[in-house]
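Keep the viewer open as you read.

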Amino acid sequence: AVANISDIAAMNGIARQLLVGLSVSSRFPVEALEELYEGIYQACKVYHVDLVGGDTTSSVKGLFISITVIGEAQQDEVTYRNTARENDPICVTGDLGAAYMGLLLLEREKAAFQGDPNMQPDLEGYDYILERQLKPEPRTDIVRLLKEAHVKPTAMIDISDGLGSEILHICKGSKLGCRIYEDKIPIDPTTVNAATMFGIGPWTAALNGGEDYELLFTIAQNDYEKVRAIPGISVIGHMTEPGQGSHLVTPDGTLVEIQAQGWNALRKV
């Protein structure tokens with residue numbers, strides 16, 4: 001539910017209604033479905049969205065769920081991913097990479113449990129990254145704060161597949177390049193600690209991990225000071241002419257080409 005609400009926020013809109021399409025087999029008890037819907041109701045309550053209907057059918061195997069969220073925005077406020085302009089500052093909300101590190105931690109503990117069902121999970125000190133994986137929060141608050149500051153992003157997308165994949169969507173759609181500065185990417189200390197434990201660079205997690213559901217957007221240069229005054233937003237780079245390509249700039253000035261390594265729902269497996 002929150003992933004779909006985030007999609008509405010990523011177009012500078014406000015989510016209003018939600019529909020649930022559910023197909024379920026007989027091996028799921030009614031109590032399990034009640035718990036599922038309790039979670040959906042909770043998301044609707046938190047983000048002021050009305051659950052208005054959907055469809056429920058039987059399945060010969062497993063559980064299939066499809067959620068549609070309907071939102072609204074003034075026509076002149078809708079923001080797309082293909083309308084960034086050269087030299088526009090690139091902004092991101094919150095911090096990145098935490099959800100991916102939470103996933104790795106859960107996978108590690110699952111593997112340990114399968115090896116020894118009597119073991120106790122070792123999760124102490126990692127509440128933040130676990131919550132980021134298990135309970136994502138769409139940034140509907142940022143949409144409101146931008147409106148209050150009279151700032152309309154020139155392009156916007158949410159980060160479900162990793163910063164690298166998402167900025168390339170904006171670059172491709174807008175026919176531009178970009179520069180992202182490694183030391184400007186916001187990363188929580190818990191994420192850094194977890195990445196070190198797994199032998200992964202924190203910026204690798206931020207670029208390729210995904211499921212953070214933060215907002216990535218570009219703004220007009222004239223709005224730079226307005227955006228800097230909004231808590232929770234970091235300026236991490238700028239758009240460039242297409243011939244300059246899309247690169248991550250390391251602290252020593254080295255240019256590293258950004259690759260799309262996030263989730264691709266249509267990739268053959």
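Before we look at any helix pair, one convention: axes are lines fitted to C-alpha atoms, for helices over the stretch in contact, and angles run from 0 to 180 degrees between N-to-C directions. Also keep in mind that what you're looking at is a predicted model.

With that in hand, go to helix H3, residues 98-115, and helix H4, residues 127-134. Their axes are 7 Å apart, and the two helices pack at an angle of about 100 degrees. An angle of 65 to 115 degrees counts as roughly perpendicular, and H3 and H4 therefore get that label. Who does the touching? H3 brings Ala98, Ala99, Met101, Gly102, Leu103, Leu105 and Leu106, while H4 answers with Tyr128, Ile129, Leu130, Arg132, Gln133 and Leu134.

Phenylalanine 198 belongs to helix H7, residues 189-198, and it touches Met101, Leu104, Leu105 and Arg108, leaving out residues up to four places away in sequence. Phenylalanine 198 and leucine 105 are 93 residues apart in sequence, yet their C-alpha atoms are 8.8 Å apart in space. Is this phenylalanine buried or partly exposed? Its relative accessible area is 27%, so phenylalanine 198 is partly exposed.

As a general point, nonpolar side chains tend to be buried together in soluble globular proteins. Here, the largest nonpolar core holds 24 residues, and those with the most contacts inside it are Leu163, Ile167, Ile180, Leu216 and Met239. Which elements give two or more residues to it? They are strands S4 (89-93), S5 (155-158), S6 (177-181) and S8 (233-240), along with helices H6 (163-174) and H8 (202-208). H6 supplies the largest share, five residues.

Zoom in on leucine 216 to see how these pieces meet. Setting aside residues up to four places away in sequence, leucine 216 touches Ile90, Cys91, Val92, Ala155, Met156, Ile157, Ile159, Leu163, Glu166, Ile167, Ile170 and Ile236.

Just after H5, histidine 150 takes a positive phi of about 60 degrees.

Histidine 48 lies in the loop between H2 and strand S2 (50-58), and its phi is near 55 degrees, a positive value in a residue other than glycine. With a relative accessibility of 66%, histidine 48 counts as exposed. Glutamate 211 is in the loop between H8 and S7, with a phi near 65 degrees, again positive in a residue other than glycine. Its relative accessibility of 31% makes glutamate 211 partly exposed.

The loop between H8 and S7 also holds glycine 209. Leaving aside neighbours within four places in sequence, glycine 209 is in contact with Tyr100, Gly162 and Thr204. Glycine 209 and isoleucine 159 are 50 residues apart in sequence and 9.5 Å apart in space, C-alpha to C-alpha.

Asparagine 82 is found between strand S3 (63-72) and S4, and at 42% relative accessibility it counts as partly exposed. Beyond its neighbours within four places in sequence, asparagine 82 is in contact with Gly173 and Ser174. Asparagine 82 and histidine 169 are 87 residues apart in sequence and 8.0 Å apart in space, C-alpha to C-alpha.

Then there's phenylalanine 28, in the loop between strand S1 (14-24) and helix H2 (30-46). Phenylalanine 28 touches Gly62 and Leu63, not counting residues up to four places away in sequence. Phenylalanine 28 counts as partly exposed, at 24% relative accessibility. Phenylalanine 28 and leucine 168 are 140 residues apart in sequence, and their C-alpha atoms are 40 Å apart in space.

Notes. Residues are numbered from 1 along each chain as its sequence is written. This is a predicted model: local features need pLDDT of at least 70, side-chain atom pairs count only at pLDDT 80 or more; totals for chains, interfaces and linings use all residues. Side-chain values use heavy atoms; hydrogens and water are left out. A nonpolar core is a set of buried Ala, Val, Leu, Ile, Met, Phe, Trp, Tyr and Cys residues joined through side-chain atoms within 4.5 Å. Buried means under 20% relative accessible area, exposed over 50%, partly exposed in between (1.4 Å probe, protein chains only). Helices (H or I, at least four residues) and strands (E, at least two) are DSSP runs, numbered from the N terminus. Contact means heavy atoms within 4.5 Å. Angles under 35 degrees count as roughly parallel, over 145 as roughly antiparallel, 65 to 115 as roughly perpendicular and the rest as oblique.
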